[in-house]
Amino acid sequence: MKWINVTLAAALLAVAGGGVAVADTSDKRIALSNNYAGNSWRQAMLRSWESVTGQAVTDGVVAAADAFTTAENQVTEQAAQIQNLILEGYDAIVLNAASPEGLNGAVKEACDAGITVVSFDGVVTEPCAWRIAVDFKQMGKDEVLYLAEKLPDGGNLLEIRGLAGVFVDDEISAGIHEGVAENPQFNIVGSVHGDWAQDVAQKAVAGILPSLPDIVGVVTQGGDGYGAAQAIKAAGRDMPVIIMGNRHDELTWWKEQKDANGYETMSVSIAPGVSTLAFWVAQMILSGQDVPKDLTVPFLRIDQDNLEENLANTEAGGVANTLYSAEDAASVVAEAKAM
Amino acid sequence: MSEGAPSTTLLGRGYAWSTSPRVLRSLLPAFSLAVILIAIFYLQPRAMSPIGMKLLFNLAVPIALATIAQMFVLAVNDLDLSIGAYVGFVVAVGSTMLSGGLAGLPLLEGLIPDPAPWIFTTPLAGIVVLAAAIGVYALLGAVIQLRNLPSIVVTLGMSFIWAGLAVLVLPTPGGSAPTWLRGLMTLQVPIVPFPIVALIVIGLVVHLLLMRSAYGAVIRGSGGNPRSVARAGWSLVRVKMAAFGLAGLFGVLSGLALLGLTTAGDANIAVRYTLLSIAGAILGGSEFVGGRVSPIGAVIGAATLTLANSFLTFLRLNPDWQIGAQGAILIIVLALRVLISRGEVRN
């Protein structure tokens, strides 16, 4: 009987501590260094940070979690900001960087001062920092994989790309093309740049449509799905499966179509709440847990069955969001360790 | 600027310390720097340590060098709107060709035989390109003087060319600073932090160069009264070339200092430097016309601007207000200067 009690206690301890000796972080201070706040995604990111870290401070998980945004999206300004945060004596800096390379000097200084630096979204290459990166390539590939499942017969696809010359655009597009190469029943018959904006996408799609054969699907990069739908509707064509990007207008349109004729698609993007994931990762590192340097942001994917729930949580003009918890961070870390 | 050439004549009033408003004027930049520094120490006592001072003044070094570059152009009555893009270009060249030679260029990746012969890996390529860039600056001075072109238009055009070249050299952020440069910028000096030593040295060297040498007086004089300088037998074209060439040289130094601090390049890293350098020079007592400049003031002005930024961060000011607050600091200092200048006129 006694050994059962002992094992039970040990098991409980393991569950409570995640199997690792965890140090107290209630006296630790974490700062968010953000380079830009000029669009709805970044605004939502800052609000997510506020609500989650505010609760964490109230609960005594950490002593402080202040957000700092540079006035202009400039590398030198953010480098100065990081140096100031070092001076302020923060224990960890969570960073959305203006440049993957230009901040390395400042980040190294922070590391040398014994500060934990966790970069996310806009990650830095300095080896002493942690990186929570977005696998944009996988995101593009996932779109094609979904279509392959939904349309086993394949067909012609229209690709809407983002802003030309931007790294993200290249990555997502590369993923889409990789997916199409693996699923030869699909064929990309046209490609336009929608600049992640619905008005640009609408114009671009309206321009290319007359030259296209029948299309069964539209692969997108987010922000462009609603514009594509409007252009296709105006051309009087059958509505293909348009992959959405979690924007409010896209989800609203999808919901209308779903109610009217049972339209089916999926929507995928990165939740602005990823800042809160970075916060919990920083907290885990401060508590002495072993965290791999390279982590991957999970996608926020919306499917037919959870559309209503996500639409209700998305504010008008904004993008679907989710707030991460310490458990989410732990599972992301566990996933990275398993790889 | 205490001994800056007055706008009316070059040789007339000479170096007058006599009137107290002039002394006040020359002390104003140092005074503003002291006020902001004390405010920072009050808000964040941790800054009052060697490491703290190092962090505070680190990024002031490249800005001070860019401000000096701008000041040379101001000295001959011109304005350089391309210095920010130019510094970005220097950073791009420095992080590629200066550390890895031609082989360091992402543009030529795969085109160079492996193992690359020394001609492709020698940092000499970077030195040649940077020297050529300084040459282009000197040439700009000649063109502006000979064709009587507005410098604002010429340098605005050049800013796009520099920015384009920078992106060509370094299309995506990357590269790495030469080791010697990184070593220099992270130099450990006993007692006084390196950035402060560097700032003092920059200020003094340029002061000697521009304020104490005969040719320096000619450069400033050509801004104050070009006609009399020409009558005295000096070639105005050469004077402009010298001033712009010096601006190009200090632009290179600024880019290299910045690269040493960041350790890796980004073509768009110094976009703000154009306006910062103008603001720093003016804050330090230079004027837009009349060849009235002050090297030591310019260094102090650049340091003040850098500290003003830190001060606002320590204040926890909402970022939406920060640009405005920076502007307010500038306006306050300039308003003080106007007040003092009025006193000067009355005297």
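A residue is buried if 20 or more other C-beta atoms lie within 10 Å of its own, exposed if 12 or fewer, and partly exposed in between, with C-beta atoms placed from the backbone. Keep that rule at hand for this tour.

This is a predicted model, in which local features need pLDDT of at least 70, side-chain atom pairs count only at pLDDT 80 or more, and totals for chains, interfaces and linings use all residues. Residues are numbered from 1 along each chain as its sequence is written, while chains are lettered from A and ligands numbered from 1 in the order in which they are written.

**Stop 1: Met239 in chain A**

Select Met239(A). It sits in the loop between α8 (225-234) and β9 (241-242) of chain A. Helices (H or I, at least four residues) and strands (E, at least two) are DSSP runs, numbered from the N terminus. Is Met239(A) buried, exposed or partly exposed? It is partly exposed, because 14 other C-beta atoms lie within 10 Å. Now show Ile232(A) and Tyr263(A). Met239(A) touches both, leaving aside residues up to four places away in sequence. Contact here means that the C-beta atoms of two residues, placed from the backbone, lie within 7 Å.

**Stop 2: Asp195 and helix α7 in chain A**

Go to Asp195(A), in the loop between β7 and α7 of chain A. Its phi is near 55 degrees, a positive value in a residue other than glycine. Most residues other than glycine have a negative phi. Asp195(A) counts as buried, because it has 22 C-beta neighbours inside 10 Å.

Then select helix α7(A), residues 198-208. Which of its residues are buried? They are Gln198(A), Ala201(A), Gln202(A), Ala204(A) and Val205(A). An α-helix has 3.6 residues a turn, so residues three or four places apart point the same way. The cover over the buried residues of α7(A) includes β6 (155-161), β7 (186-193), α8 and α9 (248-261) of chain A.

**Stop 3: two helices in chain A**

Select α3(A), residues 75-87, and α4(A), residues 104-112. Their axes come within 9 Å and cross at roughly 10 degrees. Axes are lines fitted to C-alpha atoms, for helices over the stretch in contact, and angles run from 0 to 180 degrees between N-to-C directions. The pair is therefore roughly parallel. Angles under 35 degrees count as roughly parallel, over 145 as roughly antiparallel, 65 to 115 as roughly perpendicular and the rest as oblique. On α3(A), show Ala79(A), Ile82(A), Gln83(A) and Ile86(A). They meet residues of α4(A) including Val107(A) and Glu109(A).

**Stop 4: two helices in chain B**

Move to α9(B), residues 194-212, and α14(B), residues 295-314. These pack at about 150 degrees, with axes 7 Å apart. They are therefore roughly antiparallel. Residues of α9(B) in the contact include Leu199(B) and Val206(B), and those of α14(B) include Ile296(B) and Ala303(B).

**Stop 5: where the chains meet**

Show both chains. In this contact, 27 residues of chain B meet 27 residues of chain A. Which element gives the largest share of the side of chain B that touches chain A? It is α14(B), with 5 residues.

**Last stop: Thr263 in chain B**

Select Thr263(B), in the loop between α12 and α13 (273-283) of chain B. Its phi is near 70 degrees, a positive value in a residue other than glycine. Thr263(B) is buried, with 23 other C-beta atoms within 10 Å.
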